[in-house]
Amino acid sequence: MEKFLIDGYNLLYKDGVLKNLAERSLEEAREQLLASLAAYRTAQIEIVVVFDGRGASAPGSVSRRGVQVRFGPFPKTADQMILELIDREPRRTSLTVVTSDRKDIGRVARAEGVRWISSESFLSRVKRRGKDTRRPSGEKPGHTSEKEMEYWLKRIASDPEEKG
């Protein structure tokens, strides 16, 4: 099983849409991020998202849509919490840290035998998987040509009892 430790705000602010949303509602931006991560998660993937400070509606540690969410007590940072989680992890070879903070977390993670991936690269993975699940191969295209529309409108509009 693969386990991702994610620096929540670092990932959120690397996504332009979520970054803009966070300016209006940080809680809503977090919820959308968690929904995307839940859609990415599989039975073989465990996801732990760590946020700085306490969330308005989620003190401490909770699980949302199968994604573990942890809010650090002030003044502890997400970076500090991630390092503590790495320290406690017995299966480090299956652990991947997601953050663009390469100097601090990325360097330490690699030194501890943990994989590291930038937030930007991870977002690309999540979005790619999201596109794959929205339209499985072989499914009908999302648009109908004008010719097809005319055909179906004629078929639907014609009353079979009128022909008899």
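**Exercise 1.** Which residue forms a salt bridge with arginine 92, and how far apart are the closest N and O atoms?

*Solution.* Before we start: this is a predicted model, where local features need pLDDT of at least 70, side-chain atom pairs count only at pLDDT 80 or more, and totals for chains, interfaces and linings use all residues. Residues are numbered from 1 along each chain as its sequence is written, and side-chain values use heavy atoms, with hydrogens and water left out.

Step 1: know the rule. A salt bridge is a side-chain nitrogen of Lys or Arg within 4 Å of a carboxyl oxygen of Asp or Glu.

Step 2: find the partner. Arginine 92 pairs with glutamate 112, with the closest N and O atoms 2.6 Å apart.

Step 3: Arginine 92 sits in the loop between helix 4 (78-88) and strand 5 (95-98), and glutamate 112 in the loop between helix 5 (102-111) and strand 6, so the pair ties together parts 20 residues apart in sequence. Helices (H or I, at least four residues) and strands (E, at least two) are DSSP runs, numbered from the N terminus.

**Exercise 2.** Is glutamate 89 buried or exposed?

*Solution.* Step 1: buried means under 20% relative accessible area, exposed over 50%, partly exposed in between (1.4 Å probe, protein chains only).

Step 1: glutamate 89 has 9%, so call it buried.

Step 2: check its partner. Glutamate 89 meets arginine 91 in a salt bridge (3.7 Å, N to O), and arginine 91, at 37%, is partly exposed.

Step 3: zoom out. Lys3, Glu46, Glu89 and Arg91 are linked in a network of salt bridges.
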